[in-house]
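User: I'd like to learn how to read a sheet and a pocket in a model like this. Can you take me through them?

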Amino acid sequence: DVTNVRIAMVSGNAQRVADEPAEGFAGATLAGACRTVSKEFSGMVCRNVDIALPEEETDAHGLAPVARQLIDELASDAGESLVAYRGPARWVQTTEPIRIEKGESRLRDLGVYLITGGLGGVGMVVARRLAREVKARLVLVGRTPVPMPGETVPQKFRAVEELRELGAEVLVLRANVADEGEMSAALETAREHFGAIHGIIHAAGVLDDGLIQMKTPESARRVLEPKVQGTLVLDRLLREAGLEVFVLFSSISAISAPVGQMDYAAANS
């Protein structure tokens, strides 16, 4: 029986309320997970409560007001899925529409752009746009290599040929973005082939629908790895690379949290 059950998942410095760094950024996964729990169990309220931890772990005086805030939050009937405490203020997350005006492009003609998940749906849409607009030199990275002519999955081969017809140079590499060794080797090959890499588009992702009761650590890991571990791997390998563009793809599932997608909502959060 899950009627009137309340769960709080507490994270530390995982959210940005103002300009403070999100040093506990891995805890941001909890927001998507909480939203899905509340969807799948109608009698359960799940909240992600993000707190600002004192700079010193031994600062008991600094922890006291945070502890009081947590106790008050857990005792309340508030229904927000994401709450952040900063000082005496309680913040909740909302969304609102914005209008993005077209500005000056950061893309360069004949630029070198590496796309993870490059042979997937999102990756290929981006690749076509780069091919049409700047005749890009594209490095498409995926977990499985593109087949050669005559092999299976001919549509992927045709998609690569289409990019070349649009004016792009294309290099297809096999690497798991969550594997630092494989990605390091892929980056080295890309540099040997094209020179400096100007931009990264991280579009890799895995979706594996299933109710929470049916999830296994292995199935959840497959979904979390590309978005979570993959992002960390790219950051470590490219932090000093002088990139002009670094684009990360999330999903509306991080906010809408569809039933059956707890791991996917968490990963995209």
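This is a predicted model: local features need pLDDT of at least 70, side-chain atom pairs count only at pLDDT 80 or more; totals for chains, interfaces and linings use all residues.

User: In what order do the strands of the open sheet of 5 strands run?

Analyst: Strands are DSSP runs of E, at least two residues, and helices runs of H or I, at least four, numbered from the N terminus; two strands pair if DSSP finds at least two bridges between them. Here the order is β7-β6-β5-β8-β9, with parallel pairing. β7 (169-174) and β9 each have a single partner strand, so one side of each lacks a neighbour in the sheet. β6 (137-142) and β7 pair over 6 bridges, and V141 has L173 of β7 as its bridge partner.

User: How do I read the largest pocket, and what lines it?

Analyst: Rolling a probe the size of a water molecule over the atoms shows where empty space is left. A pocket is an open set of points on a 1 Å grid over the protein atoms alone where a 1.4 Å probe fits, with protein on both sides within 12 Å along at least five of seven lines; lining residues have an atom within 4 Å of a point. In this model 28 residues line the largest pocket, with F25, A28, T231, L248 and S269 nearest its centre. α6 (217-238) gives the most to that lining, 5 residues.

Conventions. Residues are numbered from 1 along each chain as its sequence is written. Side-chain values use heavy atoms; hydrogens and water are left out.
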